[in-house]
Amino acid sequence: MLTVALVKAGRTKIRYPAELLADTGDRLSVRAPWAAEGVRDFGFVRFEPGDVFTEHFWRSRWYAVKEVRTGDGRLKGWYCDVTRPAVVRDGEVVVEDLDLDLWVSGDGSSVLRLDEDEFAASGLAERDPEAAARATSALDALEAQARTPAGLPALLV
């Protein structure tokens, strides 16, 4: 077991336990149930108790890819967070959320860029232009990969 800590603007947004599935040295894969309380309805998908997230974090990439399934195994899709590369220490995976997100429906028909307004308002481009450039590049790369026939699962081989 590990603990995943999602940090945003210097504060821990959420911390939850996860089962370690694999660690390649660069990519860390974990599985965890929906960790927030209640239902989160985004309009294009609902995350709810019983959902299972298989999450992939990289020590070298500026994103995390989370496969989301219902409790009975039906694929809802992939939620991707643009983050700084993951830091793993003392049984904890720490990722810093940079506001940009991507949603890809389970059938691949819907690819949505999310929270670009929050990213612009965050001031990251002024505070850390290099990180902002890497973040937007990561979102572009995720979207491009999601639109290929192999989709996001190709990142996980």
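Which residues have the most contacts inside the largest nonpolar core? I began my notes with that. The model is predicted, and I kept that in mind throughout.

**Entry 1: the cores**

I found 24 residues in the largest nonpolar core. Val65, Val82, Leu102, Leu142 and Leu152 have the most contacts inside it. Strand S7 (63-69), S8, S10 and helix H3 (129-146) each give two or more residues. H3 gives the most, with 7 residues. I noted the general background too: in soluble globular proteins, nonpolar side chains tend to be buried together.

I then checked for another core. There is a second, separate one of 13 residues. Leu2, Ala18, Ala64 and Val93 are among them.

**Entry 2: Val65 and its contacts**

I picked Val65 and listed what it touches, leaving out residues up to four places away in sequence. Thr54, Glu55, His56 and Trp58 are among the contacts.

**Entry 3: Ala5**

Is Ala5 buried or exposed? Ala5 has 1% relative accessibility, so I put it down as buried. This residue lies in strand S1. Ala5 and Val87 are 82 residues apart along the chain, and their C-alpha atoms are separated by 9.9 Å.

**Entry 4: the largest pocket**

The largest pocket holds about 530 Å³. It is lined by 24 residues, and the closest to its centre are Leu6, Lys13, Arg40, Phe42 and Tyr79.

Which strands supply at least two residues of the lining? I wrote down strand S1 (2-8), strand S2 (11-23), strand S6 (52-58), strand S8 (75-83) and strand S10 (92-105). By class, I counted 13 nonpolar and 11 charged residues in the lining, and no polar ones.

**Entry 5: aromatic rings**

The count came to 10 aromatic pairs. I looked at Phe42 with Phe47. Their ring centres are 5.3 Å apart and their planes stand at 70 degrees, so I logged the pair as edge-to-face; the cut-off for that label is over 60.

The two residues of the pair needed an accessibility check. Phe42 is partly exposed, at 25% relative accessibility. Phe47 is buried, with a relative accessible area of 3%. Both belong to one aromatic cluster, which is formed by Trp34, Phe42, Phe44, Phe47, Phe53, Tyr79 and Trp103. Phe42 and Tyr79 were noted above as pocket-lining residues.

**Entry 6: positive phi**

Last, I looked at backbone angles. Asp90 is not a glycine, yet its phi is positive, near 50 degrees. I located Asp90 in the loop between strand S9 (87-89) and S10. With 80% relative accessibility, Asp90 counts as exposed.

Where is Asp99 found? I placed Asp99 in strand S10. Its phi is positive as well, about 80 degrees, and this residue is not a glycine either. Asp99 counts as buried, at 9% relative accessibility; the cut-off for buried is under 20%.

Notes
Residues are numbered from 1 along each chain as its sequence is written. Side-chain values use heavy atoms; hydrogens and water are left out. On a 1 Å grid over the protein atoms alone, a cavity is a set of points where a 1.4 Å probe fits but cannot get out, and a pocket is an open set with protein on both sides within 12 Å along at least five of seven lines; lining residues have an atom within 4 Å of a point. Grid points are joined across faces, edges and corners, and a volume is the space filled by probe spheres set on the points. Helices (H or I, at least four residues) and strands (E, at least two) are DSSP runs, numbered from the N terminus. Ala, Val, Leu, Ile, Met, Phe, Trp, Tyr, Cys and Pro count as nonpolar, Asp, Glu, Lys and Arg as charged, and the others, Gly among them, as polar. A nonpolar core is a set of buried Ala, Val, Leu, Ile, Met, Phe, Trp, Tyr and Cys residues joined through side-chain atoms within 4.5 Å. Buried means under 20% relative accessible area, exposed over 50%, partly exposed in between (1.4 Å probe, protein chains only). Contact means heavy atoms within 4.5 Å. Rings of Phe, Tyr and Trp (its six-membered ring) pair if their centres lie within 6.5 Å; planes under 30 degrees apart count as stacked, over 60 as edge-to-face and the rest as tilted.
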